[in-house]
Amino acid sequence: MAKKQIPLIDTDIHERVQYKDILEYLDEPFKHYMKNCHWIQEKHMPYTQPATAGVDRADAILPDGRPAGSDLAFMQEQLLDDVGHEFGILTGALDPSPSSMHGWYEMAAALATAYNDWQIEHWLEKDERLYGSVHIAAQDRDEAVKEIERVGSHPKMVQILLPIDDIMWGDPYYHPIFEAAEKHDLMIGMHHNEPPVYYGKWPRYFIEWHTLIPTAHMKIIANMIFNGVFDKFPKLGLMMIEGGFTHIPHLMWKMDQQFRDLRHEVPWLKRKPSEIMKAQVRITTQPAEELTKKEFMSLIDQMGTDEMLCFSTDYPHWDYDSPYRALPNMEPELKEKIFSENARAFYPKLPDKREE
């Protein structure tokens with residue numbers, strides 16, 4: 001029996017570039033450094049990856065050996081056509097993000113620019129279902145704003161992608177980036193980028209690190225809220241990607257309690273943190289813990305809204321969440337919200353419905 005397709009807006013799909021493919025988009029001297037001097041990005045994570053195909057699904061590796069996520073036609077067949085995606089948001093696989101590179105800011109900025117141009121030409125303009133993320137090198141804030149001004153008006157760029165690592169993005173130094181995002185109807189997507197989760201250090205094992213990724217997401221949400229980002233930029237939205245969602249009710253309760261006790265310290269904060277989250281923060285579902293329907297509905301109830309969760313597969317990573325199995329059965333109206341309508345309402349540039 002044919003598999004029933006799911007009209008899905010997938011909020012986390014990783015396309016991947018190989019350095020040889022991006023060379024033509026790099027300016028000199030950076031092209032020379034990559035092509036002739038064999039420059040590669042620094043690696044932060046101390047672990048080997050957890051599965052036989054590394055961080056990816058083994059069946060997503062291309063038959064000719066190219067990396068998972070590096071070929072549009074293969075992704076179309078294995079993911080977009082198979083599931084029945086309405087839209088997918090590309091979140092890249094630069095490792096680490098240009099914004100996480102230590103030093104040589106000029107190279108980071110050049111890499112972000114080249115990646116954006118490659119992404120537009122080879123993915124966004126080749127499949128009407130795919131929408132993209134603007135990559136920047138935020139260490140050089142002013143250059144980052146220039147890059148947003150350069151590509152942010154592209155009709156298929158829907159968010160600016162920032163890493164979750166050791167940068168506290170609520171710092172006013174970065175606010176011009178959020179101002180530029182608002183100007184171009186871009187949301188902010190944040191995806192962890194190998195964040196140290198033990199007080200700035202790495203745990204001994206991958207299983208510890210992977211378990212505690214939500215703590216890095218919680219820190220960033222609190223940082224953005226208490227530094228007043230969302231009151232200063234009321235049209236801005238934040239999509240937290242690939243940290244799961246079961247930690248959200250606890251964070252809302254904890255921040256609301258602190259707001260009641262200590263808000264004299266942050267007089268610019270006019271709303272309860274939970275109200276800010278309901279209005280301006282969205283959470284992708286992957287990696288979803290295995291929950292019963294009762295447990296899942298209890299979490300929704302504790303959030304106080306069914307509009308925060310947006311389904312994501314995290315294709316082609318090893319812990320991919322299937323739209324058919326990752327979440328428990330739910331009422332059709334709620335399923336429609338989580339699988340498509342919450343994301344559609346969040347991203348201003350997404351069409352109401354894809355034209356057939």
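I'm counting a residue as buried when its relative accessible area is under 20%. I'm also keeping in mind that this is a predicted model.

**Helix H3**

I started with H3 and listed its buried residues: Leu72, Phe74, Met75, Gln76, Gln78, Leu79, Leu80 and Val83. Next I looked up what covers them, and found that the cover includes strand S1 (8–13), strand S2 (85–90), H4 and S3. At the N-terminal end of H3 I found a cap: a side-chain oxygen of Asp71 lies 3.2 Å from the backbone nitrogen of Ala73. Just past the helix, I noted that Gly84 has a positive phi of about 100°.

**Gln78**

I picked Gln78 out of helix H3 (residues 72–83). Is Gln78 buried or exposed? Its relative accessibility is 19%, so I put Gln78 down as buried. Then I asked which side chain makes a polar contact with the side chain of Gln78. That turned out to be Tyr315, at 2.5 Å. Setting aside neighbours within four places in sequence, I have Gln78 in contact with Arg57, Asp59, Ala60 and Tyr315.

**Around Tyr315**

Tyr315 and Pro316 are joined by a cis bond, with omega at about 0°. I placed Pro316 in the loop between strand S8 (309–310) and helix H13 (332–346). Asp314 is also in the loop between S8 and H13. Asp314 isn't a glycine, yet I read a positive phi of about 65° for it. With a relative accessible area of 0%, Asp314 goes down as buried.

I found another cis peptide bond between Glu28 and Pro29, where omega is about 10°. Pro29 sits in the loop between helix H1 (19–22) and helix H2 (30–35). I also marked His38, a non-glycine residue whose phi is positive, near 60°. His38 belongs to the loop between H2 and H3. Its relative accessible area is 61%, so I listed His38 as exposed.

**Helix H5**

For helix H5 (residues 141–151), I wrote down Ala144, Val145, Glu147, Ile148 and Val151 as buried. Where do the buried residues fall when H5 is seen down its axis? They keep within an arc of 160°, so they line one face of the helix. I checked what lies over them, and the cover includes helix H4 (105–124), strand S3 (130–135), strand S4 (157–164) and helix H6 (175–183).

**Tyr174**

I looked up Tyr174 in the loop between S4 and H6. Tyr174 counts as buried, because its relative accessibility is 14%. Apart from neighbours within four places in sequence, I see Tyr174 in contact with Ala138, Arg141, Ile167, Met168 and Trp169.

**H8 against H10**

Last, I turned to a pair of helices. The axes of H8 (residues 213–226) and H10 (residues 248–262) come within 11 Å and cross at roughly 35°. I have the crossing down as right-handed. On the H8 side the contact is made by Met218, Ile221, Ala222, Ile225 and Phe226, and on the H10 side by Ile248, His250, Leu251 and Met255. I sorted these contact residues into eight nonpolar, one polar and no charged.

I also checked Asp261, which is in helix H10. At 46% relative accessibility, I have Asp261 as partly exposed.

Conventions: Residues are numbered from 1 along each chain as its sequence is written. This is a predicted model: local features need pLDDT of at least 70, side-chain atom pairs count only at pLDDT 80 or more; totals for chains, interfaces and linings use all residues. Side-chain values use heavy atoms; hydrogens and water are left out. Axes are lines fitted to C-alpha atoms, for helices over the stretch in contact, and angles run from 0 to 180 degrees between N-to-C directions. Helices (H or I, at least four residues) and strands (E, at least two) are DSSP runs, numbered from the N terminus. A crossing is left-handed if the near helix is turned anticlockwise from the far one by less than a right angle, and right-handed if clockwise. Contact means heavy atoms within 4.5 Å. Ala, Val, Leu, Ile, Met, Phe, Trp, Tyr, Cys and Pro count as nonpolar, Asp, Glu, Lys and Arg as charged, and the others, Gly among them, as polar. Buried means under 20% relative accessible area, exposed over 50%, partly exposed in between (1.4 Å probe, protein chains only). The arc is that of the directions from the helix axis to the C-beta atoms. A polar contact is a pair of N or O atoms within 3.5 Å; within protein, one must be able to donate a hydrogen and the other to accept it, and residues adjacent in sequence count only if both atoms are side-chain atoms.
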